[in-house]
Amino acid sequence: MESRPPLPPFSLQTAAQKVRLAEDGWNSRDPARVALAYTEDTRWRNRAEFPVGRAAAQQFLERKWARELDYRLIKELWAFSSHRIAVRFAYEWHDAAGQWCRSYGNENWEFNDAGLMAVRHASINDLPIAASDRVFFWPLGRRPDDHPGLSELGL
């Protein structure tokens, strides 16, 4: 059976670790890699899309990152219980025309005993911003450990 540590039941430390690992994965913008963190029958709600299954989640991510260019994401632990984690997040990206946006949202996650995400509910709002209003500056990929998080940025 596949396993994706840290495993539930979560503690404050392991929930925070799970959130950072998810952030790192999504910042890779590698749909195949990211999809491996989800169960084969994962169920998502993301805006008006409802992917079911790992393959559908991967296809969703392929479309997402083809549209949301220069994507940089920060996630922050909001709450947790035994097998569930709630996060808030923000990410910056631009479209093909060069319009920058900051997307704000909340996610509710539910994990199986092997640490794979079985359920992901996301609520997201997009705010068009000027390039000069951007605050997520690091080379594409993993956010450096010394880069401020959402609370430190006042987001």
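Student: Which residues form one aromatic cluster?

Tutor: The cluster is formed by Trp26, Tyr38, Trp44, Phe60, Trp65, Tyr71, Phe89 and Tyr91. The model is predicted, so local features need pLDDT of at least 70 and side-chain atom pairs count only at pLDDT 80 or more, while totals for chains, interfaces and linings use all residues. Residues are numbered from 1 along each chain as its sequence is written, and side-chain values use heavy atoms, with hydrogens and water left out.

Student: How many aromatic pairs does the rule give?

Tutor: Rings of Phe, Tyr and Trp (its six-membered ring) pair if their centres lie within 6.5 Å; planes under 30 degrees apart count as stacked, over 60 as edge-to-face and the rest as tilted. By this rule there are 10 aromatic pairs.

Student: Why is the pair of tryptophan 26 and tryptophan 44 called stacked?

Tutor: The ring centres of tryptophan 26 and tryptophan 44 are 6.1 Å apart and their planes are at 25 degrees, so the pair is stacked. Both tryptophan 26 and tryptophan 44 are buried (under 20% relative accessible area, where exposed is over 50% and partly exposed is in between, with a 1.4 Å probe and protein chains only).

Student: Why is the pair of phenylalanine 136 and tryptophan 138 called stacked?

Tutor: Their ring centres lie 5.8 Å apart with the planes at 25 degrees, so phenylalanine 136 and tryptophan 138 are stacked.

Student: Why does tryptophan 138 count as buried?

Tutor: Tryptophan 138 has 5% relative accessibility, and therefore counts as buried.
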